[in-house]
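Work through the exercises below with the model open. Each task is followed by a solution in steps.

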Amino acid sequence: MSGSTLLQEVARRQNSMVELLRELVEHESGTYDKADVDRLGHFLRERLDTLGFQTEQLAQERLGDHIVGRRPSRNGKQIVLVGHFDTVFSHGTLAERPWRVENGRAYGPGVYDMKGGIAIMLTALDVLRASGSAFWSETGVTVFFNSDEEILSPTSAGPIDAIARECQTACILEPARPGGEYTFVRKGAGKFFLRITGRAAHAGGQPELGRSAALELAHKTLALHALNDPSTGTTVNVGVMRAGERSNIICPEAYAEIDLRALDPEAMESAIEAMRQVAASTTVPDTTAEFWGDPYFPPLPRKPVNERLFALMREVAAEVGFEARDIVSGGGSDGNHTGQIVPTIDGMGIGGDGAHTEREFAVLDTLTERAQALALFLHAWPDRIDGILAG
């Protein structure tokens, strides 16, 4: 079977890909809305069943259930494709920002991050099946749809890692970067928490008896943001702050959530230690601080094996008709985990921009070219992976 056959088969499915993307977007799936997420998970499991995967549901108590599909290997080779189906948008966002298409762009919650990637993955797999590709008949394929990536994959990282250890490559269907780039170098990401305890007092009658946790948190926020270091790529962001209930009470307790990104393990640990020192220091007398958290996504540094794997992606992209470029990403993904274990390419999803904002959009023309590239990549992968691993 020729590559041109695959290209034609994917191109024929452009309209059905758009329709699939619409269906995915119109299934709301905010991470913490378990009922919504599970409805979309059921939809995805049905799609995998139709493709001939053996499917299972990894039940979760509070978050959505993960969906896993497997096809056995006949050639000793295994590959895993990962896509998250949760979004950062809570139930009701769809009513405020429904699916719409304008000037070749699709809008709606999660359309870019990352429901476009799921549409691309399912279409590429269906084309490989329908075209009789040897990849489909011979290669072991696992698809992992996880429900918690937007909160750093606390329940899915372990199962994904276990599957990756059985594979020779991981493909992550996160969206392309805004310039269309793929990625195989990502910063590590961590989520940290800070709770300040002060002392309440009447703000007008006896302010001298109070110890403001809000003021102490303000000082610590400035100190934490001073840890940002563009020269090393380390970023620290206090993204959530809560303090006080009434303006006439000296605030007795304050709380913050902190996002940390760093390019390598040493920079990550250095930043964590610096944050500990900020938490331990005191500006407002008699206030105390509790600091905790973890780096959920380890840094994914540049690796020669990933460079060789991406060379294959560049080849197939050229056959499709576009230049595959890579970029260092500050965003974390499940590729941070799989990349510690197995050769990984990330950012294989749709083109667009505005992830996590009301401006989010996906460029519909990229559905076809990215699905074509993925189909060609998977079709060629079994014959190329041994050389890629050997270097």
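**Exercise 1.** Which strands does helix α8 (residues 213-225) lie across, and at about what angle does α8 run to β10?

Solution. The model is a predicted one. Helix α8 lies across β9 (188-197), β10, β11 and β12. Its direction is at about 170 degrees to that of β10. Helix α9 (residues 265-280) also packs on the sheet and touches β9, β10, β11 and β12. The angle between α9 and β12 is about 165 degrees.

**Exercise 2.** Give the strand order of the open four-stranded sheet and identify its edges.

Solution. Start with the order, which is β10-β11-β9-β12, with antiparallel pairing. Next, count partners: β10 (235-243) and β12 (288-297) each have a single partner strand, so one side of each has no neighbour in the sheet. Then look at one pair: β10 and β11 (residues 253-262) are joined by eight bridges in the antiparallel sense. In that pair, Val 238 faces Ile 258 of β11.

**Exercise 3.** Check the length of helix α10 (residues 304-320), then find where its buried residues lie.

Solution. At 1.5 Å a residue, the 17 residues of α10 should span 24 Å; the end C-alpha atoms are 25 Å apart, which agrees. Taking buried as under 20% relative accessible area, the buried residues include Leu 309, Phe 310, Met 313 and Val 316. Down the axis, the buried residues of α10 fall within an arc of 145 degrees, so they line one face of the helix. Among the elements covering them are α1 (3-12), β8 (182-186) and α12 (365-390). On the other side of α10, Pro 304 and Ala 318 are exposed. Gly 321 follows α10, with a positive phi near 120 degrees.

Key
Residues are numbered from 1 along each chain as its sequence is written. This is a predicted model: local features need pLDDT of at least 70, side-chain atom pairs count only at pLDDT 80 or more; totals for chains, interfaces and linings use all residues. Side-chain values use heavy atoms; hydrogens and water are left out. Helices (H or I, at least four residues) and strands (E, at least two) are DSSP runs, numbered from the N terminus. The expected span of a helix is 1.5 Å times one less than its number of residues. Buried means under 20% relative accessible area, exposed over 50%, partly exposed in between (1.4 Å probe, protein chains only). The arc is that of the directions from the helix axis to the C-beta atoms. Contact means heavy atoms within 4.5 Å. Two strands pair if DSSP finds at least two bridges between them. Axes are lines fitted to C-alpha atoms, for helices over the stretch in contact, and angles run from 0 to 180 degrees between N-to-C directions.
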